[in-house]
Each structure stands twice: as structure tokens, then as C-alpha cells.
Amino acid sequence: MTPNAVEQTSVTMLGLGAMGAALARAWLVAGHPVTVWNRTPTRATVLAGEGARVAASAAEAVAANTLVVVCLLHDTSVDEAMAGVDLTGRDLVNLTTGTPAQARARAAWAHERGARYLDGGIMAVPPMIGVPDAGGFVFYSGSRELFDRHRETLGVPAGTTFVGEDPGFAALYDVALLSAMYGMFAGITHAFALIREEDIDPAAFAALLADWLVAMAPTAHQTADRLRSGDYTTDVVSTLGMQVAGTPTFLRTAEQQGVSAELLSPYFALMRRCLAEGAGEEDLAGLVDLLTRRTPSRAS
Ligand code: FVH
């Protein structure tokens, strides 16, 4: 360390897959001492060359530092990797993707073992890690005190967004945003399928498609406003009735282009069901209530 350098928090990183390795590297580059462990030891070799200390076991890695970050394949791998490891006094930050229920159970599991716990949901792919302008961030939930204590260190690989003391919330936000992403991927897939057999340049089409998706993104705010206020009808621009009337055009076009409508059909079926329940003058916010099978929160 240079004489003026501030001592950086030491980090233990369990799991050196594509994401774990990227996280460890970001901390190393920022000057944090990093101890790493991976089930398959050869994966640690490159990071050792970059300054990481390699532990021979998960237990040794956990014993090395108070702050222990875990990024493994899934919840079961966390169980397997941490079996019998002493977590007393550790600050455990679990960035392994899982369900909200798994996160809550993992928090209880960590507390029983004398550890503090934060769960995280990574909204980034490995090349975005350690690149401040890339827009990646991590949702955190669980102990607010633990988050505040390590906020600076956790902010090195990607932005941080704390979403509540319920340890399941980071996973819930993560899965909710990724679910929206898959809806978008489904739409993109269908759109390209429609033009696939035509003399249309996919790159030129992609530019139009991307701009259109960005233009439609504020729908998320409009839906939030309606769900919050219960007002599903004021200033509706595109009524559900009008939209359902248009669905045969989409289905016929798919058929004429030789494209399966399997990605569109379930959403159209939900729209028709909402219409049948009398929501013709509304926009699409009522579909949220149908999905949750609860009484619409719309004002009567
Ligand atoms: N990569 C991505 O794009 C996404 C971005 C958003 C967040 N995800 C989640 O991050 C977790 C780790 O993902 P990853 O990309 O690092 O995954 P892999 O490269 O496949 O590495 C998996 C690591 O898990 C280890 N592992 C698997 N099973 C076990 C086990 N039973 N015991 C101990 N370790 C285990 C594996 O070890 P090895 O195969 O090298 O021995 C890797 O270290 C994940 O939750 C994503 O959903 C990534």
C-alpha cells in the first residue's frame, strides 16, 4: 500500500464463475484485499495472478474476513458449499439468484449461525461489473445496518439499491425486473419472426424496434399511477376494448407470415378475459389484478 492509500475492506468471495470472478476482480482493481474460494480450484488461478489470496476451502475463506460475499449457481449450491462452515460474526452477503422464500430462509439460516445477512439481486451481466458507466446495479435487502456498513465496498463492482429490511425483497425486485425483461425478449422474438422471411434488413429494423420499446417504457409509470390511485379510467388513451378489437389483426398477420402466435396468445387471452369482466373503457392496468386473482383495486 502507498503511504497515503486508505486501507480498503477485505473481502472474501465464494464462487468464481463468470459473475463471482468479475466481482472479485473489481474489488482487486479497487485495491481491496480479496480472499477467494471456488469448488473447482483451477478457476482461482487467474485471480491469484491478479493478487487474490486463494483459500483451500470455503471454511478457510470465510475465516479470513468478516465480509463474505457468495455468488454461486443456485441456492442448493450455497447449502453444499457452506455445509459445516462456521459463520459466527460474519457479514454474509449472498448474491446468488434465488426466490424471495429462499432468501428469507437463508437469512434465518445465517442468523441461526451467528451471522448478519444481506441478500442481493444482481441487475448486470459480468462485463458490466466494475464498469461504472455500464448501468449495472445490485438490489440489496435485509439488514439496513449491514448495508450501510459495507455500502462503499459493495458499491465498487456495481451500483447499489437497498429495497427494504425484508430479506426476500431483493430477490423479488430482481425476479420482477427480469420477468419484465423476458416479456420484452418475447416481443422482440416475435417481431423478428414476423419479418424474418422478408427482404428487410434486420439491423435497420432493430433500430426502429429499440426506439419503439424505449418510447413505450413510460407505460410502467402509468400503470403504477393507476394501481396506486385505483383510477383505471381517467385519461385512457388506448382502451382495452379498442386493443382487443385489434388482436385478430396481430394473429392473422402472424399466420400469414407463417409465425407461431404462441408468445402473443396468452397475453391476448388475458386481455379478452379482462374485457369480459367489463373493463372495456380502461387501459391495461386491470390485467395486473387478474393475474394476482384479487379484486381489482380500481375505484368503483
Ligand atoms: N452471469 C450472468 O449473466 C448472471 C447475471 C445476473 C446474476 N447471475 C447469477 O449469479 C450467480 C452466479 O452466476 P455465474 O454467472 O457466476 O454462474 P457460473 O459461471 O455458472 O458459475 C457458477 C458458480 O457456482 C459454483 N457452484 C455450482 N454448484 C456448486 C456446488 N454444488 N458447490 C459449490 N459451488 C458450486 C461453480 O463452481 P465450479 O463449477 O466452478 O466448481 C461456479 O463457481 C447465479 O446465481 C446467477 O443466476 C449471473
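## The shell around the ligand

The shell residues around the ligand divide into eleven nonpolar, eight polar and three charged. Here Ala, Val, Leu, Ile, Met, Phe, Trp, Tyr, Cys and Pro count as nonpolar, Asp, Glu, Lys and Arg as charged, and the others, Gly among them, as polar. The model is predicted: local features need pLDDT of at least 70, side-chain atom pairs count only at pLDDT 80 or more, and totals for chains, interfaces and linings use all residues. Residues are numbered from 1 along each chain as its sequence is written, and side-chain values use heavy atoms, with hydrogens and water left out.

In total, 22 residues surround the ligand (a heavy atom within 4 Å). Asn38, Arg39, Thr40, Arg43 and Glu80 are the closest. Helix 1 (18-29) and helix 4 (75-82) each supply at least two shell residues. Helices are DSSP runs of H or I, at least four residues; strands are runs of E, at least two; both are numbered from the N terminus.

## Contacts with the ligand

Which side chain has an N or O atom 2.9 Å from a ligand oxygen? That side chain belongs to Arg39. A backbone N or O atom of Leu72 also lies 2.9 Å from an oxygen atom of the ligand.

## An aromatic pair

Phe147 and Phe162 form a tilted aromatic pair, 5.1 Å centre to centre with 35 degrees between the planes. Ring centres must lie within 6.5 Å; planes under 30 degrees apart are stacked, over 60 edge-to-face, the rest tilted. Phe147 lies in helix 6 and Phe162 in strand 8, so the pair ties together parts 15 residues apart in sequence.

Key: Polar contact = N/O pair within 3.5 Å; in protein donor to acceptor, adjacent residues only side chain to side chain. Phe/Tyr/Trp six-rings, centres within 6.5 Å; stacked < 30°, edge-to-face > 60°.
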